[in-house]
Amino acid sequence: MPILMVKAKPNSRVSALTPQADGSWLAQLKSPPVDGKANAELVALVAQRFGCAKSQVLVKTGAGARLKRVQIPD
């Protein structure tokens with residue numbers, strides 16, 4: 001299962017997931033980093049982008065940090 005390196009930016013004006021030049025992803029999230037709201041929005045964005053179910057997307061590391069490792073299905 002592939003692992004994505006994601007840099008989260010909570011409290012953004014837009015909700016977007018964009019690839020970066022170094023192979024990582026930038027996740028702009030409207031939600032604040034409170035009570036897991038930003039992580040829930042991130043999981044939904046990744047699932048939508050890669051066409052999989054939200055239940056298949058897993059935040060492996062960095063749940064409380066800006067840099068996260070997110071696992072997606074093959």
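Colleague: Which helix gives the most to the lining of the largest pocket?

Modeller: Rolling a probe the size of a water molecule over the atoms shows where empty space is left. A pocket, on a 1 Å grid over the protein atoms alone, is an open set of points where a 1.4 Å probe fits, with protein on both sides within 12 Å along at least five of seven lines. Lining residues have an atom within 4 Å of a point. Helices (H or I, at least four residues) and strands (E, at least two) are DSSP runs, numbered from the N terminus. Here helix H1 (residues 37-50) gives the most to the lining of the largest pocket, with three residues.

Colleague: What should I know about the source?

Modeller: This is a predicted model: local features need pLDDT of at least 70, side-chain atom pairs count only at pLDDT 80 or more, and totals for chains, interfaces and linings use all residues. Residues are numbered from 1 along each chain as its sequence is written, and side-chain values use heavy atoms, leaving out hydrogens and water.

Colleague: How much space lies in the largest pocket, and which residues are closest to its centre?

Modeller: A volume is the space filled by probe spheres set on the grid points, which are joined across faces, edges and corners. The largest pocket holds about 160 Å³. Its lining has 15 residues, and the closest to the centre are Pro33, Ala38, Ala63, Ala65 and Lys68. By class, the lining has eight nonpolar residues, three polar and four charged. Nonpolar covers Ala, Val, Leu, Ile, Met, Phe, Trp, Tyr, Cys and Pro; charged covers Asp, Glu, Lys and Arg; the others, Gly among them, are polar.

Colleague: Now the strands. Which side chains of strand S1 point to one face and are buried?

Modeller: Buried means under 20% relative accessible area, exposed over 50%, partly exposed in between (1.4 Å probe, protein chains only). Strand S1 (residues 3-9) alternates. Leu4, Val6 and Ala8 point to one face and are buried.

Colleague: Which strands pair with S1?

Modeller: Two strands pair if DSSP finds at least two bridges between them. S1 runs antiparallel to strand S5 (residues 67-71), joined by five bridges. Lys7 has Leu67 as its bridge partner in S5. With strand S3 (residues 25-28), S1 pairs in the parallel sense over four bridges. There, Lys9 is partnered by Gln28.

Colleague: Next, the loop between S3 and H1. Is Leu29 buried or exposed?

Modeller: Leu29 sits in that loop and counts as buried because its relative accessibility is 1%. Leu29 and Glu41 are twelve residues apart in sequence, yet 6.8 Å apart in space, C-alpha to C-alpha.

Colleague: What joins the side chains of Ser31 and Glu41?

Modeller: A polar contact of 2.5 Å. The term means a pair of N or O atoms within 3.5 Å; within protein, one must be able to donate a hydrogen and the other to accept it, and residues adjacent in sequence count only if both atoms are side-chain atoms. Ser31 is in the loop between S3 and H1 and counts as buried, at 17% relative accessibility.

Colleague: Where is phi positive in a residue other than glycine?

Modeller: Asn11 has phi near 60°, and Asp35 has phi near 55°. Asn11 is exposed because its relative accessible area is 53%. Asp35 counts as exposed at 73% relative accessibility.
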